[in-house]
Amino acid sequence: MRVVPKQQPGKSKQDYQTPPEFLEAVKARLQIKDFGWDLAASDENCVSPYGYYDEATNSLTAADWQSKTPETLWQWLNPPYADIKPWVKKCAEESLKGAHIACLVPASTGANWWKEHVTNDAYVLFLNGRITFVGATAPYPKDCALLLYTPFIRKGSDIWTWKPSTQISSTISKLSSLPASTSTSTACPTSL
Ligand SMILES: C[S@@+](CC[C@H](N)C(=O)[O-])C[C@H]1O[C@@H](n2cnc3c(N)ncnc32)[C@H](O)[C@@H]1O
């Protein structure tokens, strides 16, 4: 049997924020207004209005990832890509306990972490349409996948052409051009 070499921790920037147009597309697909929690964030880049874990409060050792808000079951996760394995392992464990997690990762189907914690544990949406992270000057150079970890759908996949509708794109560009005081974009509460 072929053994996939161990992945090397990356040295690239680890705190790129997911673009709002992709988050809006995910929320529309999941039929939610907001994510209940951002599981990997900082004060500068959290994408949930309810709260987040950061390096200090450490998501990976947090007791549970189940929803802390009555408004939505779904938690958001765009982990640091240098070492994805502990994140997808925790997703699989927490979803068995009842958590619903939407997790954005590179579509590294040959990686050990994918084989061990994605293939049989998540519903995978392979993304058609490259993602340009906030602050990046070019699209991320790899295909990505949205992993949906839930207590009841443990495996399966589809291809999702997620491109935002013109209406969503123009609304987002109008919102981001508003002065900060009138903008309705996500406000970051304090971390746990
Ligand atoms: C790729 S960025 C995600 C940015 C944004 N929250 C998003 O979802 O697009 C990953 C973030 O996770 C944070 N992080 C790193 N280790 C963490 C940990 N153990 N627990 C929680 N957050 C962590 C980093 O500081 C960084 O801000």
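User: What share of the protein's 192 residues counts as buried, and what makes a residue buried?

Analyst: The share is 29% of the 192 residues. A residue is called buried if 20 or more other C-beta atoms, placed from the backbone, lie within 10 Å of its own; it is exposed if the number is 12 or fewer, and partly exposed in between. The model is a predicted one, in which local features need pLDDT of at least 70 and side-chain atom pairs count only at pLDDT 80 or more, whereas totals for chains, interfaces and linings use all residues. Residue numbers start from 1 along each chain as its sequence is written.

User: Why is Asn120 called exposed, and where is Asn120 placed?

Analyst: Asn120 has 10 C-beta neighbours inside 10 Å and therefore counts as exposed. Asn120 belongs to the loop between helix H3 (112-117) and E3. Helices (H or I, at least four residues) and strands (E, at least two) are DSSP runs, numbered from the N terminus.

User: Which residues are in contact with Asn120 when neighbours within four places in sequence are left aside?

Analyst: They are Arg154 and Lys155. Two residues are in contact if their C-beta atoms, placed from the backbone, lie within 7 Å. The C-alpha atoms of Asn120 and Arg154 are separated by 6.1 Å, although the two residues are 34 apart along the chain.

User: What makes Lys33 exposed, and which residues touch Lys33 beyond four places in sequence?

Analyst: Lys33 counts as exposed because it has 9 C-beta neighbours inside 10 Å. Lys33 and Glu71 are 38 residues apart along the chain, and their C-alpha atoms are separated by 8.4 Å.

User: What value does phi of Asn58 take, and why is Asn58 called exposed?

Analyst: Phi of Asn58 is near 45 degrees, a positive value in a residue other than glycine. Asn58 has 10 other C-beta atoms within 10 Å, so it is exposed. Asn58 is also found in the loop between H1 and E1.

User: How many helices and strands are there, and in what order do the elements run?

Analyst: The protein has four helices and five strands. From the N terminus on, their order is α-β-α-β-α-β-β-β-α.

User: How do you know which strands are at the edge of the five-stranded open sheet?

Analyst: Two strands pair if DSSP finds at least two bridges between them. The order in the sheet is E1-E2-E4-E3-E5, with mixed pairing. E1 and E5 each pair on one side only, and they are the edge strands. E1 and E2 are parallel and share four bridges, with Trp74 opposite His100 in E2. Strand E3 (residues 123-128) and E5 are also parallel, joined by six bridges; Leu125 has Asp158 as its bridge partner in E5.

User: How many of the six residues of strand E5 are buried?

Analyst: The count is zero, and strand E5 (residues 156-161) is hardly covered.

User: What makes a nonpolar core, and which residues of the largest one touch the most other members?

Analyst: A nonpolar core is a set of buried Ala, Val, Leu, Ile, Met, Phe, Trp, Tyr and Cys residues joined through C-beta atoms within 7 Å. The largest has 41 residues, of which Leu77, Ala102, Cys103, Leu146 and Leu147 touch the most other members. Two or more residues come from each of H1, strand E1 (74-77), helix H2 (85-96), strand E2 (100-106), E3 and strand E4 (144-149). E4 gives the largest share, six residues. Not counting residues up to four places away in sequence, Leu77 touches Leu39, Ala40, Trp87, Cys91, Ile101, Ala102 and Cys103. In helix H1 (residues 20-30), the buried residues are Pro20, Phe22, Leu23, Ala25 and Val26.

User: How many residues surround the ligand, and which are the closest?

Analyst: There are 21, and the closest are Thr18, Ala40, Ala41, Ser59 and Asn78. A residue is near a molecule or strand if its C-beta atom, placed from the backbone, lies within 6 Å of it.
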